[in-house]
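Trainee: I am new to reading protein models, so please take me through this one a question at a time.

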Amino acid sequence: MTGLALSGAVKEEKAPQEQTVTIPKEVEIQNVQEELSKIQKELARGNSIWLKSYNSYMAYQESRKSLREVQYRINQLQGWTPNVERKLEIEALQAKHKVLTDQIELLKAQGTSPFVSLLKPDEAGELPTITNPFEIVTGLSYVKRINSQYKDYVLREEELQEIISLLERQVGLYKDMMRLNPKGDYEVELDATLLQVEKFKLALETLISTASLYEKRIESTEAKINKEIKDQLYKLLNIGVVILVLFGFSLLLKRIAKRYITDNERFYTANKIVTFINVTLIILIVLFSYIDNVGYLATVLGFASAGLAIAMRDWFMSALGWLVIIVGGAIHVGDRIRVEKDGMIYLGDVLDISLQRITLLEDVTLTTVMHNRRGGRIIFVPNNYIFTSLIANYTHGALKTVWDGIDIIITFDSNHKKAAHLAKEICRKYAKGYTDITRKQLNKLRDRYSLKNTNVEPRIFTFIEPNGMKVSAWYLTNAYATLTLRSTISAEIVDAFNAESDITIAYPTQTIYTGHIPPRSEPPMENA
């Protein structure tokens with residue numbers, strides 16, 4: 001009894017041990033399957049470019065293999081005796097052959113290697129050569145771009161390592177499944193995954209070595225660009241110092257000119273010349289600092305200037321006219337000049353002489369009264385007019401006065417000698433101050449010009465006119481205010497002539513007969 005009881009107890013103990021082995025194995029298989037499913041979902045959900053590229057590679061290889069099989073089958077069928085079934089099969093295989101050929105053409109880029117485009121670093125474009133300050137921004141942008149591309153390349157490496165880690169876990173799980181369930185068909189998946197891991201590890205090794213070389217190339221490129229930027233900044237600093245020195249020197253010259261040149265016109269001209277020279281020097285310094293081949297520049301400028309001289313003839317002539325005006329000194333700022341062009345007359349004061357034009361302020365003058373009937377306009381006269389048009393300077397050199405004349409006609413029976421005397425005395429009275437000034441100014445001009453007639457006293461001329469004797473009175477007056485003195489002298493002459501009984505001012509008259517017209521007396525006939 002006791003022996004039977006013990007043996008029963010032993011049997012009862014062994015039965016639970018067999019149950020504990022069977023249940024954990026099924027659970028373990030289920031856990032492995034769940035983990036495999038999670039890994040596959042994670043690989044599919046990641047949307048990785050590495051997996052896409054590998055899948056395209058595998059699709060290319062499968063398409064090529066299928067194409068070879070299809071071609072082999074077509075050749076085999078064509079070698080047999082044709083019948084309806086074989087003919088239909090050949091047509092179906094030819095259609096499949098065309099589809100496979102199109103697929104291979106689309107996947108051709110992935111044919112030789114699945115990761116060619118991913119292992120090759122992105123091109124950053126042509127390496128810039130920084131030769132002027134404006135290209136510094138280009139160089140900095142290039143450095144930023146290559147660093148960004150390198151970061152993307154490193155991210156590819158991290159992504160590939162993560163994929164390899166998942167695939168290695170998948171290999172281990174497949175091995176566990178083969179151990180736990182030998183009857184399961186996991187050998188194909190394991191071989192495919194092992195091949196995939198092998199390809200990815202090989203790509204990782206290439207990626208790591210390429211990344212190392214890529215980093216060194218970026219460091220070299222960045223060092224080169226930084227050196228060129230530093231050189232350009234140093235050159236720019238030197239040019240800036242030179243320009244500041246030139247500006248300081250020009251300001252010093254202008255201050256000296258303002259201190260020692262009392263004539264405003266001469267000071268303005270000197271100021272313009274200093275500014276022009278200063279700007280020209282700055283332009284030349286900048287050009288020669290940033291142009292490597294000066295001889296090439298001279299050749300280009302030679303051909304360009306020849307074409308521009310034809311196309312922009314007026315512009316160049318105006319620039320040449322400005323040079324003639326400044327160097328020759330024929331016209332200065334403040335002078336009163338008269339310009340005649342195409343029948344139009346413009347008279348005014350020079351406000352400015354720029355590289356292209358003379359700026360005039362039109363004043364109220366006799367020309368305004370007699371011709372234009374307008375005043376106060378700003379007139380722009382191109383400098384090239386100095387070569388093609390008549391320009392009269394009323395205040396050239398030291399002269400500030402001009403001759404002005406008043407004409408008045410008296411009757412033939414008037415005392416014309418008395419009228420001329422009265423006109424001369426009136427002119428002498430009102431023009432005395434300008435006469436003395438002109439005498440001194442002409443004495444100063446003797447050193448520059450050959451002066452023959454230096455008579456500055458008022459001049460009176462009498463002429464026979466159809467309506468009487470014309471008394472023409474000429475006197476010196478202020479070049480900037482001719483109308484004022486002209487108006488005064490005109491009124492005085494009229495008053496003086498009207499006060500004399502033997503002087504009658506003549507003017508066009510008409511005789512109207514209201515009655516019988518008297519016969520004209522004929523001159524007596526001379527005896528033959």
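**From the inside to the surface**

Trainee: Is Gly 348 buried or exposed?
Mentor: This is a predicted model, in which local features need pLDDT of at least 70, side-chain atom pairs count only at pLDDT 80 or more, and totals for chains, interfaces and linings use all residues. Residues are numbered from 1 along each chain as its sequence is written, and side-chain values use heavy atoms, with hydrogens and water left out. Buried means under 20% relative accessible area, exposed over 50%, and partly exposed in between (1.4 Å probe, protein chains only). Gly 348 has a relative accessible area of 0%, so the word for this residue is buried.

Trainee: Which residues does Gly 348 touch, apart from those up to four places away in sequence?
Mentor: Start by finding Gly 348 in strand E2, which covers residues 344–353; helices (H or I, at least four residues) and strands (E, at least two) are DSSP runs, numbered from the N terminus. A contact means heavy atoms within 4.5 Å. Leaving out residues up to four places away in sequence, Gly 348 touches Asp 335, Arg 336, Ile 337, Leu 360, Leu 361, Glu 362 and Asp 363.

Trainee: How far apart are the C-alpha atoms of Gly 348 and Gly 375?
Mentor: Along the chain, these two glycines are 27 residues apart.

Trainee: Which strand holds Thr 477?
Mentor: Thr 477 is buried, because its relative accessible area is 0%. Apart from residues up to four places away in sequence, Thr 477 touches several others, among them Val 402, Tyr 434 and Leu 485. You will find Thr 477 between residues 468 and 478, in strand E8.

Trainee: What share of the residues in the protein is buried?
Mentor: Let us step back to the whole protein, which has 13 helices and 8 strands. Of the contacts with a separation of 6 or more, 71% are between residues 24 or more positions apart. Among the 528 residues, the buried share is 30%.

Trainee: How many salt bridges does the structure hold?
Mentor: Side chains of opposite charge can pair when their charged atoms come close. Here a salt bridge is a side-chain nitrogen of Lys or Arg within 4 Å of a carboxyl oxygen of Asp or Glu. By that rule, the number of salt bridges is 22.

Trainee: How far apart are the closest N and O atoms of Arg 169 and Glu 35?
Mentor: These two form a salt bridge with closest N and O atoms 3.3 Å apart. The pair links distant parts of the chain, with Arg 169 in helix H5 (residues 136–180) and Glu 35 in helix H1 (residues 2–45), 134 residues apart. Both are partly exposed, since the relative accessibility is 39% for Arg 169 and 32% for Glu 35. So, coming back to your question, the N–O separation is 3.3 Å.

Trainee: Why are Glu 425 and Arg 428 separated by about one helical turn, and in which helix?
Mentor: Glu 425 forms a salt bridge with Arg 428, and their closest N and O atoms are 2.9 Å apart. Glu 425 is partly exposed at 37% relative accessibility, and Arg 428 is partly exposed at 30%. The separation is about one helical turn because the two residues are 3 apart in helix H12.

Trainee: Which helix gives the most residues to the nonpolar patch?
Mentor: Patches are made of residues with over 30% relative accessible area and no salt bridge, joining like charges within 9 Å and nonpolar side chains (Val, Leu, Ile, Met, Phe, Trp, Tyr) within 5 Å. This surface patch includes Ile 273, Phe 288, Trp 315 and Leu 355, and its residues together have about 1000 Å² of accessible area (Shrake-Rupley method, 1.4 Å probe; for residues, only the protein chains shown count as cover). Helices H7 (264–290) and H9 (313–328) each give two or more residues. With 9 residues, the helix that gives the most is H7.

Trainee: What is the relative accessibility of Trp 315?
Mentor: Trp 315 lies in helix H9. Trp 315 counts as partly exposed because its relative accessibility is 37%.
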